[in-house]
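Hi,

Here is the structure I promised to pass on. My notes on it follow below.

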Amino acid sequence: MDTLKEIKKRLGKRILNTKEHSERRIYFDIDKHEIVEVAKLLFKEMGLRFATATGVDTPKGLEIIYHFADDKEGKLINIRVLLEDKKKPEIDSIAKFIKAADWIEREIWELFGINFIGHPDLRHLLLIDDWPKDDFPLRHDHDHNKEEKHK
Amino acid sequence: MSHKVVIPIGPYHPLQEEPEFFRLYVEGEKVVDIDIVIGYVHRGIEQLSETKHFDQVAFLVERICGICSTSHPFAYVNAMDDLTKVEVPERALYIRTIIAELERIHSHLLWLGLAGHFIGYNTVWMWSWKYREPILDIFELISGNRNHYAMMKPGGVRRDIKDQDIPKIKKCVDDLIPVLDMFKGAVMDDPVIQARTKGVGVLTNHQAIAYSVVGPTARASGIKADIRKDHPYGAYDRVDWNMITQEDGDVFAKLIVRVLEMYESIKIIRQCLDKMPKGPIDANLKDIPEGEGIGHVEAPRGECFHYVRSDGTNRPIRHKIRAPSYMNVASNKVSAVGGTISDAAITLAAVDPCYCCTERVAVFNKGSDKKICNGWDLIKLSQEKTEKLRKEIFNK
């Protein structure tokens, strides 16, 4: 069965934009409210492997790209969501049903300041526990030359 | 009377590629829960990469890991080749494959030695490290370096393999076959190793899928997934080799997968050396266009994943890196729970994180935080168990 056709059929209008970079790298843009449904469909029903997720700071807003790997057909399905509000970015957590997403959501939370609603255990993963609250190292407005002040 | 005791393992050691801190909760001998804390040496390489130009990034990511130092640059150049859609010369693909497979052999031998040490087989430790040495010599012959080879570059490789070196490489890998036969025999026939590893630290197929584990850890739990086969890159689709899988998901299965994989690596290297065409080794990439690319490779420990985005300048604006242990270490949460403390050392080691952290173990009595034993004691505990089993088995 062709995974790509299947995904296009089942997601239907939820796909806002499709980019086929190459045969094996496909990007789908979806609305952030759909992420739980879409991740459930890809991971639970279609049996794709959750590879990881990438946060990106862009001029339009914060992007999260969820990478799912289809090991049977050798394709990478990338689901992209855009969070326009940089002041209070929020998205539903998928770690509730994908255990593998637990750490990566914690990482994006601390490095980009994106709040994952409903994450079971949202605490620092890589940074120290007393890292300043409104300082997100991977955002482009972060000043890396400034000396960090800790308690 | 049993009370809950906490055993912290870690947090870090300068030799580790991925420092982590395990907090084992034990009741008597049994591990009832485990908490994993990482990030002790978070070096911010993803951010650093945004400050370097595309050629330098290959050197930077090589420094992420000292053991499998070519897998990160390999994944990165794959991402760059995907981004630029450049046609990489055939010879470069073969050279990349040879380097990656040589590295798999030396990494697996290193793991085998450590695993042997932790269950009290110091001969296995010394022998497997002894036989790892010729592989490092071959790296020095090819690249001038024993560890950081600096072979990968976007669009090709930096150094060629000379014709006069090929017989030496072939001889080196051929000499390894009797050694592997010996190790295989030692593992398969030794009742003590079997007693120590069979049924220990089981990660079931279902759990392996839930935690999306990768590499030998996944293949030992019956998941037929190998990036080299499923998402072919380099020259892996041009040579003949088999994917090794086991069903049991215990430490023994992971051991078997790694030992048998080394035979496949030798097969791949030999075929690559024979089939490698003459020609250029570099596509001479000039400008990097705007866009994004993903590259992933099967590192010795599993899938290594890189995402690169470019805005048309000479530096990436985002470079996401995910190492295989990021997925595998999390699975210790299920595989170590239910086992005994003396099996904890080998269970945590079985996913092949860099493992020196156990030498910093300390057992705490929960509540009082009084130290009961340290890391050496845990290894000693494990070694004593082997000794006891050995006596029981051979005195029958």
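**The sheet of chain A**

Chain A has an open sheet of five strands, ordered E1-E2-E5-E4-E3, with mixed pairing. Strands (E, at least two residues) and helices (H or I, at least four) are DSSP runs, numbered from the N terminus. Two strands pair if DSSP finds at least two bridges between them. The edges are strand E1 (15-22) and strand E3 (49-58) of chain A, each pairing on one side only. Neighbouring strands are turned by 20° against each other on average, direction ignored.

This is a predicted model: local features need pLDDT of at least 70, side-chain atom pairs count only at pLDDT 80 or more, and totals for chains, interfaces and linings use all residues. Residues are numbered from 1 along each chain as its sequence is written, while chains are lettered from A and ligands numbered from 1 in the order in which they are written.

Strands E4 (61-70) and E5 (75-83) of chain A run antiparallel, joined by nine bridges. Ile65(A) stands opposite Arg80(A) in E5(A). Helix H1 (3-11) of chain A packs on the sheet and touches E1, E2 (25-30), E4 and E5 of chain A. Its direction makes about 30° with that of E5(A). Helix H2 (35-45) of chain A also packs on the sheet. H2 touches E2, E3, E4 and E5 of chain A, at about 170° to the direction of E5(A). Axes are lines fitted to C-alpha atoms, for helices over the stretch in contact; angles run from 0 to 180 degrees between N-to-C directions. Contact means C-beta atoms, placed from the backbone, within 7 Å.

**Chain B**

Helices H4 (90-118) and H5 (122-143) of chain B pack at about 165°, axes 7 Å apart. That makes H4(B) roughly antiparallel to H5(B) (over 145 degrees).

The domain assignment, automatic or from a database, gives domain 1 (4-41 + 339-394) and domain 2 (45-326) of chain B. In chain B, 22 residues of domain 1 are in contact with 22 of domain 2. H15(B) gives the largest share of the domain 1 side, eight residues.

**Between the chains**

25 residues of chain B are in contact with 21 residues of chain A. Helix H1 (45-49), strand E7 (302-310), strand E8 (316-322) and helix H12 (324-328) of chain B each supply at least two residues of the chain B side. The largest share, four residues, comes from E7(B).

Best wishes

Terms used:
Two residues are in contact if their C-beta atoms, placed from the backbone, lie within 7 Å. Angles under 35 degrees count as roughly parallel, over 145 as roughly antiparallel, 65 to 115 as roughly perpendicular and the rest as oblique.
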